Each structure stands twice: as structure tokens, then as C-alpha cells.
Amino acid sequence: MQYEFNVEFARAQDQIDPLKRFRDEFHFPVINGKPAVYFTGNSLGLQPKNTQQYLNEELEDWKNHGVEGHFHAKRPWMPYHEFFTESLSKIAGAKKEEVVAMGTLTNNLHLLMVSFYRPTEKRYKILCEAKAFPSDRYALASQVRFHGYTEEEAVIALEPREGEHTIRHEDVLKAIEDNKDELALVMIGGVNFYTGQVMKMEELTKAGHAAGAIVGWDLAHAFGNIPLNLHDWNVDFAAWCTYKYLNSGPGAIAGVFVHEKHLGNPDLPRFEGWWGHEKETRFEMPNRFVPMKTAEAWQLSNAPVFSMAPQRASLDIFDQTSIEELREKSIKLSGYLEFVLNHVAEKNQCDFEIITPLSWDERGAQVSVLMHGQGKALFDTLMEEGVIVDWREPNVIRMAPVPLYCNFEDIYRFGEILLRATK
Ligand SMILES: *Cc1c(COP(=O)(O)O)cnc(C)c1O
């Protein structure tokens, strides 16, 4: 695509955007009397306008029905999580029985590792990325300690090569091969939270399996961002949060995927709770746990309806489009953002280094830039001028033009402000 840095170009692109109607479905923060340029949907997605109605309906049903809301609410609370399955399975590229809306991301990673990190005397190592989100590192380290290992013994954290920011695919393959006799689990972020790098999940899953390991993915930055095919990729398990690209609100209910091949396996250890027990006999309250034959077996508690209702609102929007359509627009937007950054850097002689891979198939919506010599003052100026981006130490600005609600003109406006701010 041939990009230009002028407002006519940006508006013309927005005019022909088949997804433009969705922008109006979201609330934008207002700064200086204008809707913000919102590039932090990778951190907290914007609120859909119908979220309030969904929450209100639950409040009304509670008010009017009390406990009977479990059966008589508009969306009965008893099977409430089931209202999410179909939409989530599409986004995950999974069968319906393989996904469930439950818990929170780090909690879910622990629950899944209880089942899928089962170290033996010979096989006890976990392969992850060195720049994993800190919560993932804490979760992994505490899991290996729980089994009696030290982090140094059992966690292999992959670093990018000297002078590089992202991990090379061949280096991950090599690490898997080098550790193949000791590897119990490969657990990496599908999209790295810092650089925005998309990992080649299908190939790495295959390589992990060939080495005799289990392969799980943290999809916090992948879910609702890039196309996923978890079932066909033969991924063992995955977990995600939904307040990022899924616009479900702060701390919203998360989700998990467990591959069909592991469902109903009586030998799998699991931390159990009553909502994972087969639903036909759940209320007979038997003493012996009989797991559901779906990913629902990992649920512990009854549905937290108020942290789930906003996600139902958001999924209604996702149901009107597809990840493929969103991805097509996303590739154009992140390409335009890269073009605009390079344009400004050239014009004002700034030293911006894009640390996100430049090739479209190795990145999602996010572009991360190392702002050499442009300190935090630039970030503060952007925020004052109504551009909401995310700052990470030491000197990285992360931006995600989210295709559901961002457009070309947002990126143009950002470019104009950046031009002025770096003169
Ligand atoms: C956002 C994010 C988290 C956050 O974990 P919570 O349990 O939802 O607080 C964890 N891991 C990764 C990779 C993330 O991007």
C-alpha cells in the first residue's frame, strides 16, 4: 500500500474502510474538548457504548429476581459462562468445548500449569522468553519452586541476540532442540507485550511436541489481535485476558483453551471446584468430583456475572465482524503508523528505532519505538496533546492502533503532534 502523510489521504482511507461503523460503538476519553487519539487498546481496550446496558440488565435482574435470577434473569446466571463460548471459540480458532470464560489470566496460568507442568526427574525444564511479562515469570518461577526446583535449574529464559530486540525464530527452535531431553513445558507469549513480536505459534508448537514437551501459550496480547487456530495448531493449552484487545473492562473475566485431546482425561491432575463438576449432578452436591468433559472442568467458582457482562457486550461487536477482517485493517494501520514515524524521524532528524519486527506477519496491532534521546518529556507532551500512548522504561513508547476503533486520521493527527513536539 502506498502511504502519504496528509490529512486528505488519511480521510480517504477512513472513508473506504469497511469497518468504519464500529468506531462509533465506543466511548473515547476526551482531552482538551476532543476525543483522544487512543493507542493503548493493547493495555486497556475502550468501553463499548452498550456495556452499560449489559451491566444494568444484570443489576435489574438481581433487583427483581434475587436468587431466582440464576434461572429467570434475561441471561440466567446458572449457565452464564455458556453465553460466551461460541464467540470465544471463533476468536481462539477452537472447538466450543475447548474454551471457557473463567478466572483471571495469572490465576488461570497457575491452574493450567497444575495440569500441564508435570516435571519428572529427567524432564523438568520450562522454556520461556526472558522478556516475558513479569507476572508470567513469577508464575513460572513459583511453579518450579513448588515442585522443588530452583528457577536457575528449571527455567530457561530466551534472550534476543546481542544488539537485537526480538527473539529469532531459529533461536527458539534451537533452544527447544538443545534441551529436548529435559524440556517439560514450552510457555511463551504468542505476541510479546513489549516488542509486539508475533511468535510462529504453529511451528513452535510442533517443535515443542517433537521434543516431547507440552506447549502452552499466553495469549494476553494475541487474543482479539491476530488470527489464532489453536485447535489445528495442536496447542495443548492457552490463556488470555480480555481487558486488552477484547475491550471487556479492567480486571474482566479471562479465558482458557484446553485442547480436545486432554479433555476428559482422568489422569490429569487438576485443582478442582464445584463449577468444574459435571452440571447434571452439581446440585446434588456429591462428595466425589466428576469433571465436565470440556474446558469447563477447570472452572472453580460460579460465574462472576458483573465482571462478565461487559465482555458479552464486547463480544456482540466481535460477532459482527471477524478476526480476518480486523487483521486486514490492522496490517494497514500499523503500516501507516510505521510510515508516519519514519516520515517524522527523517524530517526532524530524530533517532527513533522501531523495535517491533517490520514484517507484517511478525507483528500485530502494536508498534514499539525506542525513542533514543527523546526522553519522557516527549511522552508527556503527547499525553497533553490528547494522544494516549504507553511508556515503558527505559525509553520505549508502545502504540497500538486497534482496528475496531482507531483509524488513519488518528495516526495522521499523532504524526502532526509528533512533528511539532520533536522540532
Ligand atoms: C497483561 C498481561 C498479564 C496480566 O496478568 P493479569 O493476571 O491479568 O493481571 C499477564 N501476562 C501477560 C503476557 C500480559 O500481557
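This is a predicted model: local features need pLDDT of at least 70, side-chain atom pairs count only at pLDDT 80 or more; totals for chains, interfaces and linings use all residues.
1. An N or O atom of the aspartate 136 side chain sits 2.6 Å from a nitrogen atom of the ligand. Threonine 106 places a polar side-chain atom 2.6 Å from a ligand oxygen atom. For tyrosine 243 the corresponding distance to an oxygen atom of the ligand is 2.4 Å. The protein buries 82% of the 390 Å² that the ligand exposes when taken alone.

2. The shell around the ligand includes Leu105, Phe133, Asp218, Ala220 and His221. By type, the shell residues are four nonpolar, two polar and three charged. Two of the surrounding residues, Phe133 and Lys244, also pair with each other: lysine 244 lies over the face of phenylalanine 133, 5.1 Å from the ring centre.

3. Another charge sits over a ring. The charged end of arginine 270 is 4.3 Å from the centre of the tryptophan 298 ring.

4. Aromatic pairs number 25 in the structure. Tyrosine 3 and phenylalanine 9 form an edge-to-face pair, because their planes stand at 90 degrees, with centres 6.4 Å apart. Tyrosine 3 is buried at 15% relative accessible area. Phenylalanine 9 is buried too, at 9%.

5. Tyrosine 3 also pairs with phenylalanine 339. This pair is tilted, with 40 degrees between the planes and 5.8 Å centre to centre. It joins distant parts of the chain: tyrosine 3 lies in the segment before α1 (7–15), phenylalanine 339 in helix α11 (residues 323–347), and 336 residues separate them. Phenylalanine 339 is partly exposed, at 27%.

6. Ring pairs connect Tyr3, Phe9 and Phe339 with Tyr336 and Phe408 in a cluster.

Definitions and conventions:
Residues are numbered from 1 along each chain as its sequence is written. Side-chain values use heavy atoms; hydrogens and water are left out. A residue is near a molecule or strand if one of its heavy atoms lies within 4 Å of it. A polar contact is a pair of N or O atoms within 3.5 Å; within protein, one must be able to donate a hydrogen and the other to accept it, and residues adjacent in sequence count only if both atoms are side-chain atoms. Accessible areas come from the Shrake-Rupley method with a 1.4 Å probe; for residues, only the protein chains shown count as cover. Ala, Val, Leu, Ile, Met, Phe, Trp, Tyr, Cys and Pro count as nonpolar, Asp, Glu, Lys and Arg as charged, and the others, Gly among them, as polar. Rings of Phe, Tyr and Trp (its six-membered ring) pair if their centres lie within 6.5 Å; planes under 30 degrees apart count as stacked, over 60 as edge-to-face and the rest as tilted. Buried means under 20% relative accessible area, exposed over 50%, partly exposed in between (1.4 Å probe, protein chains only). Helices (H or I, at least four residues) and strands (E, at least two) are DSSP runs, numbered from the N terminus. A charge sits over a ring if NZ of Lys or CZ of Arg is within 6 Å of the ring centre and within 35 degrees of the ring normal.
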